[in-house]
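This briefing sets out selected computed features of one structure, grouped by topic.

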Amino acid sequence: MRAAISAAESAPVTAESLRSGKSGSDENFPVASLLIAAPLRPVILAFYDFVRAGDDVADHPDLAPEQKRALLDQLDDSLIGRSDAEPLGVKLRAALSQRGLTDRHARDLLDAFRSDVDKNRYANWDELIDYCRLSAMPVGRFLLDVHGEGRHLWPASDAICAALQINNHLQDCGKDFRALDRAYVPRDALEAAGARVEDLGADKASPGLRACLRDLALRNRALLAEGVSLPHDIRDLRLGMEIAVVVRHAFNIADLLIARDPLSEKVKLSKAEMLFGALAAASGEAFSRLLRRPS
């Protein structure tokens with residue numbers, strides 16, 4: 001027994017070994033659901049697991065910044081073939097190579113996680129969108145690449161992915177501030193509403209913070225609307241249905257954020273709401289394509 005404990009203590013630390021336990025089922029959007037063609041799911045899941053591990057490193061409450069940077073570099077090195085230290089990086093490298101896909105999107109996300117290690121405040125909306133260019137937009141671009149879709153779809157995809165990310169920031173604004181001293185709520189939006197960043201640590205939003213978060217949710221809903229045509233413009237039926245589900249869930253969460261206080265109220269879709277919403281969105285997309293089919 002003592003030998004086993006000693007071996008475990010001396011085992012190399014990897015990002016995978018520090019996983020939070022969060023999986024695709026915990027997300028606000030489907031991850032490689034059954035709507036995605038079976039041959040494409042392995043590379044998507046490898047991408048998700050790699051990115052999830054990097055995100056968990058950046059958010060780890062007990063790691064020093066230099067440890068986080070070293071682990072993110074270790075993930076990067078394993079992805080590009082400079083090292084085999086991170087099994088998740090090796091797995092994703094092989095999956096991307098097999099399908100002739102770039103590692104750029106995964107590496108952009110690693111840069112976002114590096115930013116999280118060093119940056120915990122955002123001055124304005126534009127600065128937050130610049131962060132989303134690394135933290136969210138590469139996910140949609142990767143999915144489009146996997147399905148052989150064109151880059152002309154990137155702007156609509158970017159809008160959806162940024163809106164998904166900001167939804168998440170608003171949902172978790174209290175938890176992020178209390179656990180990580182991180183605030184994605186832009187400073188100028190707080191100031192305009194007469195709120196302070198410290199208000200994010202309260203059990204209930206002050207009137208000023210509530211107004212600020214509601215205004216940001218409304219602005220984010222408008223951003224989401226910029227990409228609403230994406231499901232219809234995608235050639236692949238199954239991906240179009242999947243994105244329709246994502247967009248449906250995102251609008252529902254944005255509406256919850258407009259109506260509720262994320263510090264004191266539940267701002268999350270139930271499993272039943274996600275299931276019925278998914279069925280409605282996917283079937284609606286399929287039916288609309290049937291109507292558009294030339295006779």
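Ala 156 is buried because its relative accessibility is 14%, where buried means under 20% relative accessible area, exposed over 50% and partly exposed in between (1.4 Å probe, protein chains only). The model is a predicted one, in which local features need pLDDT of at least 70, side-chain atom pairs count only at pLDDT 80 or more, and totals for chains, interfaces and linings use all residues. Residues are numbered from 1 along each chain as its sequence is written, and side-chain values use heavy atoms, with hydrogens and water left out.

- Ala 156 belongs to helix H8, residues 154–171; helices (H or I, at least four residues) and strands (E, at least two) are DSSP runs numbered from the N terminus.
- Setting aside neighbours within four places in sequence, Ala 156 is in contact with Gly 227 and Leu 230, contact being heavy atoms within 4.5 Å.
- Between Ala 156 and Gly 54 there are 102 residues in sequence and 26 Å in space, C-alpha to C-alpha.
- Ser 157 is also placed in helix H8 and is buried, with a relative accessible area of 2%.
- Not counting residues up to four places away in sequence, Ser 157 touches Gly 140, Arg 141, Leu 144 and Leu 230.

**Helix H2**

- Helix H2 (residues 41–58) has 18 residues and spans 26 Å from its first C-alpha to its last, close to the expected 26 Å; the expected span is 1.5 Å times one less than the number of residues.
- Because 15 of its 18 residues are buried, H2 is largely enclosed by the rest of the structure.

**Cysteines**

- The structure contains 0 disulfides, a disulfide being a pair of cysteine sulfur atoms within 2.5 Å.
- For Cys 132, the closest cysteine sulfur is that of Cys 161 at 9.5 Å, which is too far for a bond.
- Cys 173 is likewise in no disulfide, with the nearest cysteine sulfur, that of Cys 212, 8.9 Å away.
- Cys 132 is buried at 0% relative accessibility, and Cys 173 is buried at 3%.

**Salt bridges**

- The whole structure holds 20 salt bridges, each defined as a side-chain nitrogen of Lys or Arg within 4 Å of a carboxyl oxygen of Asp or Glu.
- Asp 118 and Arg 69 form one at 2.7 Å, N to O; Asp 118 lies in helix H5 (residues 104–118) and Arg 69 in helix H3 (residues 65–80), so the pair ties together parts 49 residues apart in sequence.
- Asp 118 is exposed at 53% relative accessible area, whereas Arg 69 is partly exposed at 34%.
- Arg 133 and Asp 130 meet at 3.0 Å, N to O; the two are 3 residues apart in helix H6 (residues 125–135) and therefore separated by about one helical turn.
- Arg 133 is partly exposed at 45% relative accessible area, and Asp 130 is partly exposed at 43%.
- Lys 175 and Asp 172 pair at 4.0 Å, N to O; Lys 175 is partly exposed at 48%, while Asp 172 is buried at 19%.
- A network of salt bridges links Asp 73, Asp 76, Arg 107, Asp 111 and Arg 114.
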